[in-house]
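Below is a short note for a colleague who has not looked at this structure before. The points are numbered so that they can be taken up one by one.

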Amino acid sequence: MTYAADGLATLEAQLQQDLEYLELPAKSWVPERTQDGAPVRDVVVIGAGMCGLAAVAKLQFSGISNVVAYDAAPAGLEGPWVTFARMETLRSPKSLQGPALGMAQLTFRAWFTAQWGKETWQALDKIPKAQWMDYLIWYRKVLNLPVRNNVRVTHIGFAGDLIALDVSGAETGRIYTRRLVLATGRSGLGGFAVPDFLQGISRQFWAHSADDIDFAALQGKRIAVIGAGASSMDNAATALENGAGAVDLLIRRKQMPRINKMTGIGSQGVVHGMHQLPDAWKWKFVDYTATTQTPPPRSSTLRVSRHANARFLLDCGIKAVKQEVNGLLIETTQGALRYDYLIAATGFSNDFHDRPEFAALAPHIRSWRDGRYQPEMGAPRANLLEAPDLSPAFEFRELTPGACPLLAHIHCFNDAAMLTHGKVSGDIPAVSAGADRLVRGITASLFAEDVEQHYANLQAFDTPELQGDEWVDSTPLLNQENAQ
């Protein structure tokens, strides 16, 4: 690709002009607070991946400037893109606005075209994943977003009407904030979803697809990969490309899923309308797409099948896994199979009871199984039942009303919100709409909480528009005329 050295500088100048014309960021308006002599944040965002960056940017645009995002990863390694995402390109169409928040100069397309031109853009098929990470790094830089890397939140608690965070790493100690946003991506509120048959099996012989896997060590090995989704294909392909002796995809279904249902009906109606549907319709949509399943991308599947030592084993459910001296014996519906190593592409769980930093919150969080789901909606699918029952701005709701009222100040802006809010807090297509919904709610709640201060400011404001010399009171003259 031919690189235009000054193209990005020109784009950045245009973006800054657009921000100035739109008066963005808006002026700060939230009253300052302190706790124990320390400043209190208006909002803390946990996670500085795509959703976290979009949330922080929208907060700042809205005049909520006393914010910070913490991410445990080093700078440039936030999110999955250059860590456990092992696809070659993104699945999403290159033209989507993503986290651009409605600003043309902030889109991936503008960033790409500014550097490599329109012809190269037209020739581009899908966005390489590392290039998407480069774009997010630029997005953070050009908006000067307040992100602190190598900082892990180890505990979330409460101090009066504030949320107290204990942090470790590059920053240590206790942080106080009025609002907390959990932009924790695919892992949501839980972590890896691990099948029961892997409980007790040594990690010497298996990994989750989101683990940091040493694929070079798998050279010449017999590998099993569970599943038929995108991560299954990407991990199988990576193993094959690193010299695995043989790779079997163990697929429980009798046929591969082939149709991406939700993409097929994608529209602004879905983005803005799904979260306002009755609960029965929400369940129906998500349950149906879970039943039909999302197929892996064609390119990812071909990336596997081009290898002669790859097999797709359909109707191959796993009954049990037994650890042997040098590997695994897997009992399947197609018989017993032996492997040196297994990769479980089994997704993530929203069981927040397994996350130590959420220990103080977990007993109070209301999920869909706690009354929102009704049997007439359909079969009780476990991963949907554990989804949090959220309010209109992604706020948690209490399991027992009054037991933990500050849950309403914690916002679940991650993949776990999908059942309540639709796909606006995890995937590229609608993340800007999700950030807008989130920040509108936070803005309204902060203003309402400080309404007495804002009213006092109204009363105290005394800068005159008129100086008193702009007119003459003609009433005395009128009175004289009327007296004659």
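1. A place to start is Ala 393, which sits in the loop between helix H11 (382–385) and strand E19 (410–411). The model is a predicted one. Is Ala 393 buried or exposed? Its relative accessible area is 4%, and buried means under 20%, so Ala 393 counts as buried.

2. Which residues does Ala 393 touch, once its neighbours within four places in sequence are left aside? The contacts are His 411, His 421, Arg 437, Leu 438 and Gly 441. A further distance concerns Ala 408: it lies 15 residues from Ala 393 in sequence, and the two C-alpha atoms are 9.4 Å apart in space.

3. Now the chain as a whole. It has 484 residues, of which 48% count as buried. Its secondary structure comes to 15 helices and 19 strands. Along the principal axes, the C-alpha atoms fill a box of roughly 115 × 60 × 45 Å. The chain exposes about 23800 Å², and carbon and sulfur atoms supply 52% of that area. Among contacts with a separation of 6 or more, 71% are between residues 24 or more positions apart.

4. Three bridges join the two strands, which run parallel. What is the bridge partner of His 208 in E17? The partner is Ala 344.

5. The crossing of the two helices is left-handed. On the H5 side, the contact is made by Met 233, Asp 234, Ala 236, Ala 237, Thr 238, Leu 240 and Glu 241. On the H9 side, Ser 300, Thr 301, Arg 303 and Val 304 take part. By class, the contact of H5 with H9 has five nonpolar, three polar and three charged residues.

6. A second sheet to look at is open and has three strands, in the order E14-E15-E16, with antiparallel pairing. Its edge strands are strand E14 (318–323) and strand E16 (335–339), each of which pairs on one side only. With direction ignored, neighbouring strands of this sheet are turned by 20° against each other on average.

7. How many bridges join E14 to strand E15 (residues 328–332)? There are five, and the two strands run antiparallel. Gln 323 has Leu 328 as its bridge partner in E15. As background to both sheets, strands of a sheet pair through backbone hydrogen bonds, either parallel or antiparallel.

Note on methods: Residues are numbered from 1 along each chain as its sequence is written. This is a predicted model: local features need pLDDT of at least 70, side-chain atom pairs count only at pLDDT 80 or more; totals for chains, interfaces and linings use all residues. Side-chain values use heavy atoms; hydrogens and water are left out. A crossing is left-handed if the near helix is turned anticlockwise from the far one by less than a right angle, and right-handed if clockwise. Helices (H or I, at least four residues) and strands (E, at least two) are DSSP runs, numbered from the N terminus. Contact means heavy atoms within 4.5 Å. Ala, Val, Leu, Ile, Met, Phe, Trp, Tyr, Cys and Pro count as nonpolar, Asp, Glu, Lys and Arg as charged, and the others, Gly among them, as polar. Two strands pair if DSSP finds at least two bridges between them. Buried means under 20% relative accessible area, exposed over 50%, partly exposed in between (1.4 Å probe, protein chains only). Accessible areas come from the Shrake-Rupley method with a 1.4 Å probe; for residues, only the protein chains shown count as cover. Axes are lines fitted to C-alpha atoms, for helices over the stretch in contact, and angles run from 0 to 180 degrees between N-to-C directions.
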